[in-house]
Structure formats: C-alpha cells, structure tokens
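Please walk through this protein chain with me.

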Amino acid sequence: NGNLIPFQEELLALTSLYYVLIGLGIKLFEYAKSKIKWFNLIRKVSLDKAFIIILFLIAGLIASMIVSNKEDFFSHQTISVTTDFKLVIRYFPLFLAIWLQLFLTYIAGYFFYYANAHFLIPKLLRQRGILYYIMGALGTIFIFYPLIGFIIYNFPLHQEIPVLLPSENYDVLDPKNSAVAFGIIIISLPVTLAIEWFKQNNNIVNLEKQQIKTELDLLKQQINPHFFFNTLNNLYALSLTKSSKTPEVIMQLSELMRYVIYKGKEASVPLNEEVKYIEDYINLQQLRIHKTIDLLFTKELKSPDLHISPLMLIILVENAFKHGIEPSEQKSKLHIEIKSDGHQMYFKCINSYENIGDTEGIGLNNLKRRLQILYPDCHELSLVNEDNTFTANLKLALK
C-alpha cells in the first residue's frame, strides 16, 4: 500500500512532533486561560480536556479531508489537503463515522500520554527513580499496545483501508505500532515535565505575590494608630470643654480615616490625592497639639496624573511629628518640599528632632520595606540626623 494520507513518510518522528506541538499548544492554552479573564468558558477547561478537544477537532478536520476526497481515498490514492463542505454535508453519516473512528484512534495515542503524565512520571519517575520508570513505560507499552491495536484493527474504516494503525497494515504487532507508543511516551516526558514546571513556577509566583500582598497589608495597618489614638484622646478633651474646634476636628479626622480605609487598600492613588492627605494631616495636627510650628509646605506637581502607593509619604511626616514636634519644648520646624515631573517624584522633609531614642523605629523600617517591595531599584532614600535636625530625602520613579 502507498501512503493514503499525506505527511506520513516519517511516521514515528511526525507522530512525536504531533504530540509535542499539542503539548506546546496546551501550554499556550493555559496561558490564555490565565490572561483572558472574561473568557470564563475557556478558563473552566482543564488541561486534559483541552488535549481531548484538540484531538477531537483534528480528527474532524482529517475526516472532512477524507470525505472531500472520498474517491481517491477508497481507491488507495493519496488525498489532497482540501475540504469540500458540500461533499461533507452530502456524505454526512460517513463523515461522522470516520470522525468517530479517527478520534478513538487518537484517544488511543492519548492514553499513552495520559498514563505517562498521570502515573508513570508522578508515581514511578518521581517516587521510585529512572529504572522503575523505564520498566513501567515498557510494561505499559507491551501490555496495552496490542490490546489497543486489536480494537483499532476491528474498526470498519481500518478493515476497509488499513490506515488507522501506524504501520498502515493488518499486522497489529508490527514494530511500527509499538514504536509510536514508545515515541509518545518518550516525547511526552519533557513536555509533561515542562508543563509541571510551569505550573509549579506559577504557584510559587502566586504564593510570593500573596505573601507580599499580606506583608504590605500588615505594613499599612501599622500606619497611623499612634496619630488616631492621640487625636481621639484630644477630641475627647475638646468635647469636655465644649470647644468650638470640636466639629472641625471631627470632620478632618473623618476625612483622614476615609482616605486610610478606602484609598489605603488600593494599589496606587494619584499623587495629588496623597499630597492632599498630607496637608489635611498637618492641619489636624496643628489643631491637636497647640504648638507654634515653623511650617513650610511647597509643592510643584507638573504631572498630577502620576500614581504612588498610598500612605507612603505620610510615614516621613508622622515621623517628624512623633520624634520632633510633639516632644519639643521650644518652637519646632517642619519644612516639606514635593516635586514631580513626568517620570519621577522628589520628596524632602526637614524637621527639628529631639533625641528621645532610636529614629529607626517602626515607621521608617516600614517605609524601607515597602520601598523594597514596591519600588525595587526605582527609589533613593536618604535619612540624615544631625544638629537636632532630621532630613529625609526620597526620590521615586513613578508611572
């Protein structure tokens, strides 16, 4: 017999390549599932189901080619790679019968991939070693390929023309048949290992992202409790004296808490909103502490559309009040300068400093860690403490 279906001269190599391409196609399929969020139907399809669907479609394509070239095929002539949909519709029962038989034949090849991916590799190669894996692979081939070959041998299409077995003859035990089964297992080994590696790598990346998100959430929770508790205590004192400032303090504190609760959980906020939060924070602190402050706040935001991680800059301002302004018995100083262009932001905070302990407290360590996570290699932070003055300079590359 000549080759009735084209592209089968190098049967083993082509069959192996066929399964490799399917494996790579499935990897792309998996990638698409993770990226196309709205394609819920695809995202619900498992890897093995995707494999079967691909085989099903390929079988249908080849069946349509056979029916479109029916005369050549059944006269043992090589068919052309064309599809005539009119003939497919005309001989639709024949098309379905050939499709089913081709599909079941491909499923037989898929069986060896499935056995390799779900039993031989995880149970033997990973747990027992290469020797047990080789013995298991050979046993799987010698036990199942004659049985599967006998079933395919009895398909009506193969009885008509022997094209369903890789050997393209009526000898089930032809070495070509076992060679194809062996080739599927061997070639699917690196494909399966690669897919497992991608899955494990994705799981590790997702776990790291979740851990980083959890850490960032915990870091954000460390921000502001000192300020809010003090403000509430002062608010209580104001309410006892029935001060006229009480409503104003309540309103400003409400705005600050709204920003922390709703904006603080976002990945980024517009830079001008973060600056507005700092201004509101300073105004409320002035109402609270009743001290004279040499305050200077200059800003030059050429690109207000720049975004920054929320509650980042406020740490330096809180540090200024906690370690400089609040404990000071004399007039204190707070000079803040913030600039931004189309790509980066520059923030400078100079404040008087009282030597009451380690300046590297929770707040600054919090800031350093968040910068490492969110802006790796995209930030410059310098902290200088000299002559009772603390100077913080932060430069960020923003988007």
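Cys349 counts as buried, because its relative accessibility is 1%. Buried means under 20% relative accessible area, exposed means over 50%, and partly exposed lies in between (1.4 Å probe, protein chains only). Cys378 is partly exposed, at 36% relative accessible area. The structure holds zero disulfides, a disulfide being a pair of cysteine sulfur atoms within 2.5 Å.

This is a predicted model: local features need pLDDT of at least 70, side-chain atom pairs count only at pLDDT 80 or more, and totals for chains, interfaces and linings use all residues. Residues are numbered from 1 along each chain as its sequence is written, and side-chain values use heavy atoms, with hydrogens and water left out.

Now the whole chain. Its secondary structure comes to 14 helices and seven strands. These are DSSP runs, numbered from the N terminus: helices are H or I with at least four residues, strands E with at least two. Of the 399 residues in the protein chain, 42% are buried.

Helix H13 (residues 314-325) packs against helix H14 (residues 362-374) at an angle of about 165 degrees, with the axes 9 Å apart. Axes are lines fitted to C-alpha atoms, for helices over the stretch in contact, and angles run from 0 to 180 degrees between N-to-C directions. H13 and H14 are therefore roughly antiparallel, a label for angles over 145 degrees.

Which residues meet? From H13 come Ile315, Leu316 and Asn319; from H14 come Gly363, Leu364, Asn366, Leu367 and Arg370. Contact means heavy atoms within 4.5 Å.

Methods. Parallel < 35°, antiparallel > 145°, perpendicular 65-115°, else oblique.
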